[in-house]
Each structure stands twice: as structure tokens, then as C-alpha cells.
Amino acid sequence: FTGKPAAKMLKRKRRLYRFTKSESGTAAVEFALVSIPFFLILFSILEQGYYFLGNRLIDAGVNEISRQVRTRQITAGNTSEVEFKRALCSQTLMAIFNCEKLSVDVRTIATFEKPAEPPVLDDGQLDTTGFGFAPGGRSTINVIRVYYDWPTILDWGNIAKAGWGAITGAGMGNNGYRRIVGSAAFLNEP
């Protein structure tokens, strides 16, 4: 190769060599590649922490309200279901919940060995048709169950449906929600 075509070919090779050896912008490209998984993991950790906070608050609220039922400060005769929910929501830090979306079931059971079955349908939806507010009298065994569908920001449930179930736990999400359950079983004081 001689002449102008050889010179053009040589120039192209030099440009290509300079381009491949140039390191300007590599930090930006590397950050772009690493930032997406980094922020996904970071937000997942923050969301999981917020979920655990909500779970702990439901448990604390159920424990406190069950103490009031156990000591007969709250009975079917002096408290309605709406007042019971209001009392539950007035517990410490329960303000982060939308109390209208709490599902509450208070009932008596015959023995501790056979508690009430969980009211979850095959599709994961909560069946609240049998829910009620019927705390028992003296020396009865009571169960309080509180359900709350916690909204998720990163909807891992849909990712699980896409085939990542082994990583995320298939069925963890349900239309952008994760269910929090708080329960207590106890014997009322005589």
C-alpha cells in the first residue's frame, strides 16, 4: 500500500489505537455500570428495614392491645370493633399505618392446640369474611390477629413471578404489597 490509501489506513489505525488506550471517561462508564445494582441493593436494604420496622410496630401494638383484652379493660360489652381498631392505632408509632386498611380478627378458641386457621386464599388474598370482634369473657382463650398489606416500592413479587423466585422468595409480594401479620393467643384473667 502506497500513497493516499496507505496514509488514510495508518491514520485510522492511530486513531483506533489512541481511542483504545484513552482512559478519559472510564470512571463515568464504570460508575454507570456499577451504580444501578448498587442503588437497587441500597434501596432494597432501606425498604426491608422499613418493612421490619412496620412488622415490629404491629407486633408491639398487638402485644399492648392483647394485654388490655387479657385484663378485661377491653371487652365486647364496652368496646366496638371500630373503637378496638382506634385503640390499636393509637399505640406508639402506629401513625405510619393507614389504620383503615388494618384487618382485625378477635375471637375465642377452644384450646391452644387448635388455633384458628389462617384466612388466606389460594391466590394469596386475605379472606376477611369470617373476621369479627368477639373477645371472650373470664378464663377464655382468645386470639387476636392483625393483618396489614404493607406497600412496597420495589415490587419484588412481580420480579418473583418473572422467574427470580429462588432469589427473592416467590410470592413475597402481592400486587405491590407484603402482608404483615401480628398475632397473640392468651388466656383471659379470671
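Where do Glu64 and Arg67 lie, and how many residues apart? Both sit in helix α2, 3 residues apart, which is about one turn of the helix.

## Basis of the model

This is a predicted model: local features need pLDDT of at least 70, and side-chain atom pairs count only at pLDDT 80 or more, while totals for chains, interfaces and linings use all residues. Residues are numbered from 1 along each chain as its sequence is written, and side-chain values use heavy atoms, with hydrogens and water left out.

## Helix α2

Helix α2 covers residues 26-70. Helices are DSSP runs (H or I, at least four residues) and strands are runs of E (at least two), numbered from the N terminus. α2 has 45 residues and spans 65 Å from first C-alpha to last. That is close to the 66 Å expected at 1.5 Å a residue; the expected span is 1.5 Å times one less than the number of residues.

The helix bends by about 35° at Ser35. The bend is the angle between axes fitted to the seven residues ending at a residue and the seven starting there. A proline, Pro37, follows within four residues. Just after α2, Arg72 takes a positive phi of about 65°.

## The nonpolar patch

Val29, Phe31, Leu33, Val34, Phe38, Phe39, Leu42, Phe43 and Leu46 make a nonpolar surface patch of about 910 Å². Patch residues have over 30% relative accessible area and no salt bridge; nonpolar side chains (Val, Leu, Ile, Met, Phe, Trp, Tyr) are joined within 5 Å, like charges within 9 Å. Areas come from the Shrake-Rupley method with a 1.4 Å probe, and for residues only the protein chains shown count as cover.

Leu33 is placed in α2. Its relative accessibility is 63%, so Leu33 counts as exposed. Here buried means under 20% relative accessible area, exposed over 50%, and partly exposed in between (1.4 Å probe, protein chains only).

## The disulfide

The structure holds 1 disulfide, a pair of cysteine sulfur atoms within 2.5 Å. Cys89 is joined to Cys99, S to S 1.9 Å. Cys89 lies in helix α3 (residues 81-89) and Cys99 in the loop between α3 and β1 (103-109), so the bond ties together parts that are 10 residues apart in sequence.

The torsion about the S-S bond is about -125°, so this disulfide is left-handed. Cys89 is buried at 16% relative accessibility. Cys99 is partly exposed at 22%.

## Salt bridges

There are 4 salt bridges. Each is a side-chain nitrogen of Lys or Arg within 4 Å of a carboxyl oxygen of Asp or Glu. Glu64 is partly exposed at 28% relative accessibility, and Arg67 is partly exposed at 33%.

Asp105 pairs with Arg107, with closest N and O atoms 2.9 Å apart. Asp105 is buried, with a relative accessible area of 1%. Arg107 is partly exposed at 26%. Asp149 pairs with Arg179 at 3.0 Å between the closest N and O atoms. This bridge links distant parts of the chain: Asp149 is in strand β2 (residues 141-151) and Arg179 in strand β3 (residues 177-187), 30 residues apart. Salt bridges that share partners also join Asp105, Arg107 and Arg145 into one network.
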